[in-house]
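Subject: Handover of a structure and notes on its architecture

Dear colleague,

Please find below the structure that I am handing over to you. My notes on its helices and sheets follow it.

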Amino acid sequence: MSYNGFQFYDNETNFEKYMERRAWKENANDTLEKPVVRELLGEVSGKKILDLGCGDAKFAKELFDLGCENYIGIEGSTNMIELATESLEGLNGAVIQATMEDWEYPESSFDLVISRLALHYIEDIDGLFKKIHQTLKPNGVIVFSIEHPVITSTLQTSGTRTSWTVDNYFIEGFREQQWLGGTVHKYHRSIEGYYRALQGAGFTVENLRESTPHREHFENEETYERRLRIPLFLFLSAKKTT
Ligand SMILES: C[S@@+](CC[C@H](N)C(=O)[O-])C[C@H]1O[C@@H](n2cnc3c(N)ncnc32)[C@H](O)[C@@H]1O
């Protein structure tokens, strides 16, 4: 069975394996992804934040510790929404079960939109960036991480990975991945593709990062050296200037 982005996490076996992996010591999310996201977010104090594909929304607690005023998480998976609802208990925020594509985005409402490792599940990125642009207040910012295009370009449309070779890099679109024992749909886009989609929606791109490993985030020298080999994640931040 092959799943789209959020349905994948509602298959119990996939979900268990994903949560197990996230709990690993020195997992890639905590050692490579989160430090860059934190840096790109800058000051969050007093901000209204929208988190697209928020997963278990554990990150909300960290945002409130940093002074965020309000948090809304959008999440498609029922399993994730259950965890996210617990994470938000007692905090000034909410999680909503909806897809990023179909949610009705309120106009000029957020200071910051974040999305961590979820936008590579989206087919129409141009349409989504336009919705994000209109839901941000003037000078509002989007910060997101995705699987690095070098990685998504190794995936095939058939779900069968034949090698880790970068291939068909400039052919954007549907790819299938066998991951954690299940099969999931992803969308490959070039770095330029993401950059242009942001510009096309009216954003000014401010930062581009590639999850460069930093030794201080790793206890284990071997893991650090392994992470120096391949870029796992790409990050972009952009401002609503028009
Ligand atoms: C890799 S997880 C990341 C979760 C969280 N952002 C984090 O970093 O811990 C991707 C999340 O995006 C959600 N997702 C995927 N496609 C979605 C869509 N179209 N609409 C809403 N959520 C989606 C999945 O259900 C999953 O919880």
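I begin with a pair of helices. Helix α2 (residues 28–41) packs against α3 at an angle of about 40°, and their axes are 13 Å apart. That angle makes α2 oblique to α3. The crossing in which α2 passes α3 is right-handed. On the α2 side the contact involves Lys34, Val37, Arg38 and Leu41, which meet Phe59, Glu62 and Leu63 in α3. By class, this contact of α2 with α3 comprises four nonpolar and three charged residues, with no polar ones. Please bear in mind throughout that the model is a predicted one.

Spanning residues 58–65, α3 lies across β2 (48–52), β3 (70–75), β4 and β5 (110–116), and it runs at about 165° to β3. These strands belong to an open sheet of seven strands with mixed pairing, in the order β4-β3-β2-β5-β6-β10-β9. Which strands stand at the edges of this sheet? They are β4 (93–97) and β9 (203–209); each has a single partner strand, so one side of each is left without a neighbour in the sheet. On average, and with direction ignored, neighbouring strands of this sheet are turned by 15° against each other.

Strand β6 (residues 136–147) pairs with strand β10 (residues 233–240) in the antiparallel sense, over seven bridges. Here Val143 stands opposite Ser237 in β10. By contrast in sense, β3 and β4 pair in parallel, over five bridges. Tyr71 has Gly93 in β4 as its bridge partner.

Helix α4 and its contact with α1

Helix α4 (residues 78–87) lies across β3 and β4, and its direction is at about 170° to β4. Helix α4 also meets helix α1 (residues 12–23): the two axes come within 10 Å and cross at roughly 45°. The two helices, α1 and α4, are therefore oblique to each other. In the contact, Glu12, Phe15, Tyr18 and Met19 of α1 meet Asn79, Met80 and Leu83 of α4. The residues of this contact of α1 with α4 divide into five nonpolar, one polar and one charged.

The three-stranded sheet

Three further elements to note are the strands β1, β8 and β7, which form an open sheet in the order β1-β8-β7, with mixed pairing. Its edge strands are β1 (2–3) and β7 (173–179), each of which pairs on one side only. The pairing of β1 with strand β8 (residues 182–188) is in the parallel sense and extends over two bridges. Within it, Tyr3 has Val184 in β8 as its bridge partner.

Helices α5 and α7

The crossing of α5 and α7 is right-handed. Which residues of α5 meet α7? They are Ile125, Asp126, Phe129 and Lys130, and their counterparts in α7 are Tyr194, Ala197, Leu198 and Gly200. Sorted by class, the contact of α5 with α7 has five nonpolar residues, one polar residue and two charged residues.

Yours sincerely

Methods:
Residues are numbered from 1 along each chain as its sequence is written. This is a predicted model: local features need pLDDT of at least 70, side-chain atom pairs count only at pLDDT 80 or more; totals for chains, interfaces and linings use all residues. Side-chain values use heavy atoms; hydrogens and water are left out. Two strands pair if DSSP finds at least two bridges between them. Helices (H or I, at least four residues) and strands (E, at least two) are DSSP runs, numbered from the N terminus. A crossing is left-handed if the near helix is turned anticlockwise from the far one by less than a right angle, and right-handed if clockwise. Contact means heavy atoms within 4.5 Å. Ala, Val, Leu, Ile, Met, Phe, Trp, Tyr, Cys and Pro count as nonpolar, Asp, Glu, Lys and Arg as charged, and the others, Gly among them, as polar. Axes are lines fitted to C-alpha atoms, for helices over the stretch in contact, and angles run from 0 to 180 degrees between N-to-C directions. Angles under 35 degrees count as roughly parallel, over 145 as roughly antiparallel, 65 to 115 as roughly perpendicular and the rest as oblique.
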